[in-house]
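Subject: A structure for you to look at

Hi,

Here is the structure I promised to pass on to you.

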Amino acid sequence: MKLLRILATLLFAAIAVSPAPTFAGEGGRTAKPVIEIANPGKCVAPVDEMRRNHMEMLKHQRDRTMRQGIRGEPASLNACIECHASKKTGSVLGSNENFCQSCHSYAAVKLDCWDCHQPKAGFKATGVKP
Amino acid sequence: MTAPQEPGSNPRRAFIAAAGAGVAGLGFTAIAPGLHLMAVGQADAAEVRKAGSAASPAVRWGLLIDAGKCAPGCTKCIDACHTENGVSEKLPDPRQNSQWIRKIELVDRRDGRKTELPMMCQHCANPPCVDVCPTGASMKRADGIVLVDRHTCIGCRYCMMACPYKARSLVHVPLTEQNPEVPRGQGCVESCTLCVHRVDRGQTPACVESCPEGAMLFGDLNDPSSAIAKRIASVPTTQVRSDLRLNQGVRYQGL
Ligand code: SF4
Ligand code: SF4
């Protein structure tokens, strides 16, 4: 967790100094994450706080929802997807421009959430006949 | 992890010897993987809990299944469950497919009388799956719903061994078709959640809603004025393998 924090902080510091999120200036040698936000400006907390603490917020919320059954909290993975899924792919994953994947691949922090959670906004599963 | 024991329920250890008898002792002669749900117009859907409030121990969610009404060959409840919970994978070895709910056929060997019923996690008040879990992932919520917290499940499958009802399945392959409200993925064990995401917003489980025969009744066992509590108070019902004294939240009628 500590390592994750340090990485995340480093990453966000990197983003902070490059407000035009593409490659660090034409000719820059360091690739920067390209972050596509479909619905900007509606986040549950200021950008700085989200960058540093989103994993903590989600972890505590997930435990309260899972263990105590508390619903409707502001921090919610599904709510993240609703705003941050790419307009092109409908997902927060898929290419290095998509919201979650862009930073996480840049920072080399493994994303486990999407092994179980659905990364596409508004996805409807169909299920199979037994 | 353990909710308060209900009065009259037995200490957990008591069932261990009996559990040795295991599923073979159930007397079920055939397990049909097909199934249906049974639901009828439910008078007392769950009340919508206020956002931010926790599940209450005053409530105990339960199901009453009328095996007499369950139509032979019908699989509507299974279909509804799979759609609701995004169970969409079909594996080359069908024994590895997840079964959140399945149809069981009971045959009385003396006279050949057949009864079909849907079987799923029985939401035991004294759940052996919770007792054995080494990580605390297998848990019982305050309102009696037994769940797997996949964030801590390591896929060891002890709970699958411990469950007398074969209610749990391991997900064997990577998944991509999850419903947003029902996260599930490879390497974790899962079972019927009593559609906890629906119950928390005041709906009944998908199986209950889908049953054309009205064979399933969902409600609060602790509320004497609920339809389910009234029915249990007035007609004979059974908990399957009640000798194990797990005090299941799922009860059957007409067995
Ligand atoms: S039926 Fe099986 S999985 Fe469900 S609570 Fe009982 S022991 Fe656990
Ligand atoms: S498979 Fe998961 S829920 Fe079951 S006993 Fe092991 S850790 Fe617990």
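Around ligand 2, the shell of residues divides into ten nonpolar, three polar and one charged. Please keep in mind throughout that this is a predicted model. In total, 14 residues surround ligand 2.

Now move over to ligand 1. Its shell has nine nonpolar, two polar and one charged residues. Among the residues around ligand 1 are the cysteines B:Cys121, B:Cys124, B:Cys129 and B:Cys163. The list also includes B:His123, B:Tyr165 and B:Arg168, along with the prolines B:Pro127, B:Pro128 and B:Pro164.

Next, have a look at chain A by itself. Chain A has five helices and zero strands, which you can read along the sequence as α-α-α-α-α. Of the 130 residues in chain A, 35% are buried.

Which of its residues are buried? They are A:Leu77, A:Ile81, A:Cys83 and A:His84. And what covers the buried residues of H3(A)? The cover includes helix H2 (47-68), helix H4 (99-107) and helix H5 (113-116) of chain A.

Finally, see where the two chains meet. Chain A brings 22 residues to the contact and chain B brings 43. The size of an interface is often given as the accessible area lost when the parts come together. Here, the area buried between chain A and chain B is about 2600 Å², and carbon and sulfur atoms give 50% of that area. On the chain A side, A:Met66, A:Arg67 and A:Arg71 lose the most area to chain B, together 26% of what that side buries.

Two salt bridges cross the interface of chain A and chain B. In one salt bridge, the side chains of A:Arg67 and B:Asp149 meet at 3.2 Å, N to O. There are also eleven residue pairs in polar contact across the interface. H2 and H5 of chain A each supply at least two residues of the side that touches chain B, and H2(A) gives the most, with five residues. By class, that side of chain A has seven nonpolar, eight polar and seven charged residues.

Enjoy exploring, and write back with any questions!

Best wishes

Key
Residues numbered from 1 in each chain as written. Chains lettered and ligands numbered in written order. Predicted model: local features only at pLDDT ≥ 70, side-chain atom pairs only at ≥ 80, totals over all residues. Heavy atoms only, no water. Buried < 20%, exposed > 50% of the residue type's maximum accessible area, 1.4 Å probe, protein only. Helix = DSSP H or I, 4+ residues; strand = E, 2+ residues; numbered from the N terminus. Contact = heavy atoms within 4.5 Å. Near = heavy atom within 4 Å. Nonpolar A, V, L, I, M, F, W, Y, C, P; charged D, E, K, R; others polar. Buried area = accessible area lost by both parts, 1.4 Å probe. Salt bridge = Lys/Arg side-chain N within 4 Å of Asp/Glu carboxyl O. Polar contact = N/O pair within 3.5 Å; in protein donor to acceptor, adjacent residues only side chain to side chain.
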